[in-house]
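Please look over the sequence and the model shown here before reading the report.

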Amino acid sequence: MTDFAAARTAILQRIADAAARGRRSGRAVRVVAVSKTVEPARIAAAAAVGWDTFGENRVQERAAKADDLAGLVAATGAVVAWHLIGPLQANKARRAIELYDVIESVDSIDLARRLDRIAGELRPGRPLPVLLQANVDDDPAKAGFEPEVLERELSAILALPNLEVRGLMTVGRLVERAEEARPTFAALRSLSERLRARDGRLGPELSMGMSGDFEIAVEEGATIVRIGRAIFGDRPALG
Ligand SMILES: *Cc1c(COP(=O)(O)O)cnc(C)c1O
């Protein structure tokens, strides 16, 4: 059984130390506890020690666990938010809006338009918080807007009335050493600065960094880090 409280204390300390190195406050960094493959009872145990934001990368998995989780989490007295952090297919957009509070993985203008339309039906007057996923590594294997495409389409996305575009998100390359991820994180931050100078409706959030490299991401300005294994332990190998 994982000691969730001790792991949380250690992670928050590592974030505070990294923030200090980046001359920032660790309190400005939100942790998304990534609970893909984790069963509801363990997610509720993590909520009980204070994690209040969870992330998963699939709509179906979140849907399958949602009923169990609602009761288990409520029993701890915690109130938690859910972030979608994986690719979203058009035909699952409606379900995603029902199940998640923030969609971090908006990666095309078509998806943005579809989410805007459905959010206008499902939650009129309450714009849906989203992040725009950017592929700053020029990696053809990765999801996300190419930076040039994002620059071109940004104003059209920001004009969608039922989305609140809080900032940018990226998934770094797989690297051997955490330090190698730094250029990716610095690139996302400078893309954000460039885009925000052009259109101030883009929010300042930067979601970047995972278990292996979140300290580097915080040093480079992350406001959201997405941490799975360092909280819940290793996931089963993909079968
Ligand atoms: C799984 C996942 C994470 C968390 O990865 P860990 O290495 O377990 O911390 C973060 N972001 C995304 C998009 C993921 O799919």
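## Basis of the model

The model is predicted, so that local features need pLDDT of at least 70 and side-chain atom pairs count only at pLDDT 80 or more, while totals for chains, interfaces and linings use all residues. Residues are numbered from 1 along each chain as its sequence is written, and side-chain values use heavy atoms, with hydrogens and water left out.

## Helices H2 and H3

Helix H2 spans residues 40-48 and helix H3 residues 59-76, and their axes come within 9 Å and cross at roughly 30°; axes here are lines fitted to C-alpha atoms over the stretch in contact, with angles running from 0 to 180 degrees between N-to-C directions, and helices are DSSP runs (H or I, at least four residues) numbered from the N terminus. The two helices are therefore roughly parallel to each other, a term for angles under 35 degrees.

In the contact (heavy atoms within 4.5 Å), H2 contributes Pro40, Ala41, Ile43, Ala44, Ala47 and Ala48, and H3 contributes Lys65, Asp68, Leu69, Leu72, Val73 and Thr76. By class, this contact of H2 with H3 has nine nonpolar, one polar and two charged residues.

## Helices H6 and H7

The axes of helix H6 (residues 147-158) and helix H7 (residues 182-198) come within 11 Å and cross at roughly 20°, and H6 and H7 are therefore roughly parallel to each other. Pro147, Leu150, Glu151 and Leu154 of H6 meet Leu191, Arg194, Leu195 and Arg198 of H7, a contact that divides into five nonpolar, no polar and three charged residues.

## Ligand site

The residues around the ligand (a heavy atom within 4 Å) include Val34, Lys36, Asn57, Ser211 and Arg235. A polar side-chain atom of Lys36 lies 2.7 Å from an oxygen atom of the ligand. For Ser211, a side-chain N or O atom is 2.5 Å from a ligand oxygen atom, and for Arg235 the corresponding distance is 2.7 Å.

Notes. Angles under 35 degrees count as roughly parallel, over 145 as roughly antiparallel, 65 to 115 as roughly perpendicular and the rest as oblique. Ala, Val, Leu, Ile, Met, Phe, Trp, Tyr, Cys and Pro count as nonpolar, Asp, Glu, Lys and Arg as charged, and the others, Gly among them, as polar. A polar contact is a pair of N or O atoms within 3.5 Å; within protein, one must be able to donate a hydrogen and the other to accept it, and residues adjacent in sequence count only if both atoms are side-chain atoms.
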